[in-house]
Amino acid sequence: MEAQTAVFCSSDLEALSTKLKRSKDFLKLYAGITKLGDISSMSEPISIQAFSHLLTLLTHRYPKIRKVSAEQVYIVLLQNDTLVPRDKLEKALEIISETCWEGDVKEAKGKRLELCAMCNLDVDTYQMVRSGAELTCRL
């Protein structure tokens, strides 16, 4: 059963990342964020990849998407205790709850970078997107 779950989640995650890339449809993005949260909450190895995608949405061009993503990250961190070391969990939850995700995107990028570091995700090279350079979290 576990193997089937991992295969299903892996293909689901691949489809999600393709469909959400550059999407402007709020409902599609919202549903995708919820699904990423569901996969991230599992105690499967795929949860780290889904969580990384979820963190990337914290710097989406739409402020409401950043806010919804932050809410989902908060829930995931409460549900899955393998994503952030216990000694950093409180600080991570504080960053998520005290950051104005609907505000300045530069602040959101800085906070996302902090969260990536706390989750032991490497901050990779700059990836070009329409609005400029964006840092992404990688495994």
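**Figure 1. Packing of helices H2 and H3 in the predicted model.** Helix H2, which spans residues 26–41, packs against H3 at an angle of about 145 degrees, and the two axes lie 7 Å apart. The crossing of H2 over H3 is left-handed. On the H2 side, the contact is formed by Ile33, Leu36, Gly37, Ile39 and Ser40. H3 contributes Ile46, Ser47, Ala50, Phe51, His53 and Leu54. Sorted by class, the residues of this contact are seven nonpolar and four polar, with no charged residues. The coordinates shown in this and the following views belong to a predicted model.

**Figure 2. Overall arrangement of the protein chain.** The protein chain contains six helices and two strands. Along the sequence, these elements follow the pattern α-α-α-α-α-α-β-β. The chain has 139 residues, of which 39% count as buried.

**Figure 3. The largest nonpolar core.** This core comprises 33 residues. The members that touch the most other members are Leu36, Phe51, Leu55, Val73, Leu77 and Leu115. Two or more residues each are supplied by helix H1 (2–20), H2, H3, H4, helix H5 (86–98) and helix H6 (105–118). The greatest share comes from H4, which gives six residues. Two of the core residues named here, Leu36 and Phe51, also take part in the contact between H2 and H3.

**Figure 4. Leu77 and its surroundings.** Leu77 is located in helix H4. The residue counts as buried because its relative accessibility is 2%, under the limit of 20%. Beyond its neighbours within four places in sequence, Leu77 is in contact with Phe51, Leu83, Val84, Leu89, Ala92, Leu93 and Ile96. Gly37 lies 40 residues away from Leu77 along the chain, and the C-alpha atoms of the two residues are separated by 9.7 Å. Gly37 is itself one of the H2 residues in the contact with H3. Leu77 is also among the residues that touch the most other members of the largest nonpolar core.

**Figure 5. Ala70 in helix H4.** Ala70, a residue of helix H4, is buried, with a relative accessible area of 3%. Once neighbours within four places in sequence are set aside, the contacts of Ala70 are with Leu58, Ile96 and Trp101. Ile96 is 26 residues from Ala70 along the chain, with 6.1 Å between their C-alpha atoms. Ile96 is likewise in contact with Leu77.

Figure 6. Apart from neighbours within four places in sequence, His60 is in contact with Ser23, Leu29, Ile65, Arg66 and Val105.

**Figure 7. Two loop residues with positive phi.** Arg22 is found in the loop between H1 and H2. Its phi is near 60 degrees, a positive value in a residue other than glycine. Arg22 is partly exposed, and its relative accessible area is 47%. Asn120 occupies the loop between H6 and strand S1 (122–129). Phi of Asn120 is also positive, near 60 degrees, and this residue too is other than glycine. Asn120 is exposed because its relative accessible area of 56% is over 50%.

Figure 8. Asp81 lies in the loop between H4 and H5 and is partly exposed, with a relative accessible area of 48%. Ser41 is 40 residues from Asp81 in sequence, and the two are 8.9 Å apart in space, C-alpha to C-alpha. Ile48 belongs to helix H3 and counts as partly exposed at 36% relative accessibility. Between Ile48 and Cys119, which are 71 residues apart along the chain, the C-alpha separation is 9.3 Å.

Terms used. Residues numbered from 1 in each chain as written. Predicted model: local features only at pLDDT ≥ 70, side-chain atom pairs only at ≥ 80, totals over all residues. Heavy atoms only, no water. Contact = heavy atoms within 4.5 Å. Axes fitted to C-alpha atoms, helices over the stretch in contact; angles between N-to-C directions. Helix = DSSP H or I, 4+ residues; strand = E, 2+ residues; numbered from the N terminus. Left-handed = near helix turned anticlockwise from the far one by under 90°. Nonpolar A, V, L, I, M, F, W, Y, C, P; charged D, E, K, R; others polar. Core = buried A, V, L, I, M, F, W, Y, C linked by side-chain atoms within 4.5 Å. Buried < 20%, exposed > 50% of the residue type's maximum accessible area, 1.4 Å probe, protein only.
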